[in-house]
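Student: Could you take me through one part of this structure closely? I would like to follow the packing inside it, step by step.

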Amino acid sequence: VLYFPIVIGPITTSYNLSGVSKLQLDPTVLAGIFDGKIKKWNDPAIAADNPGVTLPGTAITIAVRSDSSGTTQNFSLFLKDAAPSAWTLGSSSTIKWPSSAQAASGNSGVAQVIKSTPGAIGYVDYATAKATGLTFASVKNKDGSYVAPSPTAASAAAAGVTVAPDLTFHAVWGTGAAAYPITYQSWDLVYATQPNANDAALLKAYLGYLLGAGQQLLGQLGYAPLPSSIDQMAVAQLSKITS
């Protein structure tokens, strides 16, 4: 089986907090929020990240995924890597969240919980957050910069990753002042040996489009194109598809 990386995406920390249109959060604070230790929006730890911002005493409701999810996997990996001393719930596609969490299926389900619940915060992929009209925080990255989620910032996070020989990687907690630190990535998985030459040719053409002209469409859809170095590795791998 060959792994063809296709797309990078930011995972937002979207929130519903009346009167607060700009919010900054560092990994340790996010760990405290999502493991249930930080319970109110005016907690001193959140205030320290947001000087000059008036934060209400509203109770925090965390919105999380009820289903097994790559978004959960990558969000929890970020907390594990970026705040290892504060995050104790591990990294997996499913997490045993605090009992007070509101769980919903899919990114769209979590987005709706956030939108309908004053004081809520949850992790939602950028494309869904934008489509739902959510407000999201800037997150402190490995270089110490608070960066807002965007396709450009997600591509920047992936630019410095170490790519395995099978072209697997993750861009969570990547380096670079412009890098947004919470991302996911997706691959197309294909059999290297196809049943006949026609199938092999069609598959190469399809993947070639996704790795070529298709990359230019991603930004307008809320996704991030691959860094050119990774894209070139994937294009070079097309020759491994045979019949």
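Predicted model: local features only at pLDDT ≥ 70, side-chain atom pairs only at ≥ 80, totals over all residues.

**Inside the core**

Tutor: N74 is buried, because its relative accessible area is 10% and buried means under 20%. Its place is in helix α3, which covers residues 70-82. What does N74 touch, once neighbours within four places in sequence are left aside? It is in contact with I11, V172, T183, Y184 and Q185.

The largest nonpolar core has 39 residues. Those with the most contacts inside this core are I33, F34, I46 and I121. Helix α3 supplies at least two residues, and so do β1 (2-15), α1 (27-34), β3 (61-65) and β5 (120-125).

Now look at F34. Again, leave aside neighbours within four places in sequence.

Finish with a sheet. Three strands form an open sheet in the order β2-β7-β8, and the pairing is mixed. β2 (24-25) and β8 (146-147) stand at the edges. Each has a single partner strand, so one side of each is left without a neighbour in the sheet. β2 pairs with β7 (residues 138-140) in the parallel sense, over two bridges. L25 stands opposite V139 in β7.

Conventions. Residues numbered from 1 in each chain as written. Heavy atoms only, no water. Pairing = 2+ DSSP bridges. Helix = DSSP H or I, 4+ residues; strand = E, 2+ residues; numbered from the N terminus. Buried < 20%, exposed > 50% of the residue type's maximum accessible area, 1.4 Å probe, protein only. Contact = heavy atoms within 4.5 Å. Core = buried A, V, L, I, M, F, W, Y, C linked by side-chain atoms within 4.5 Å.
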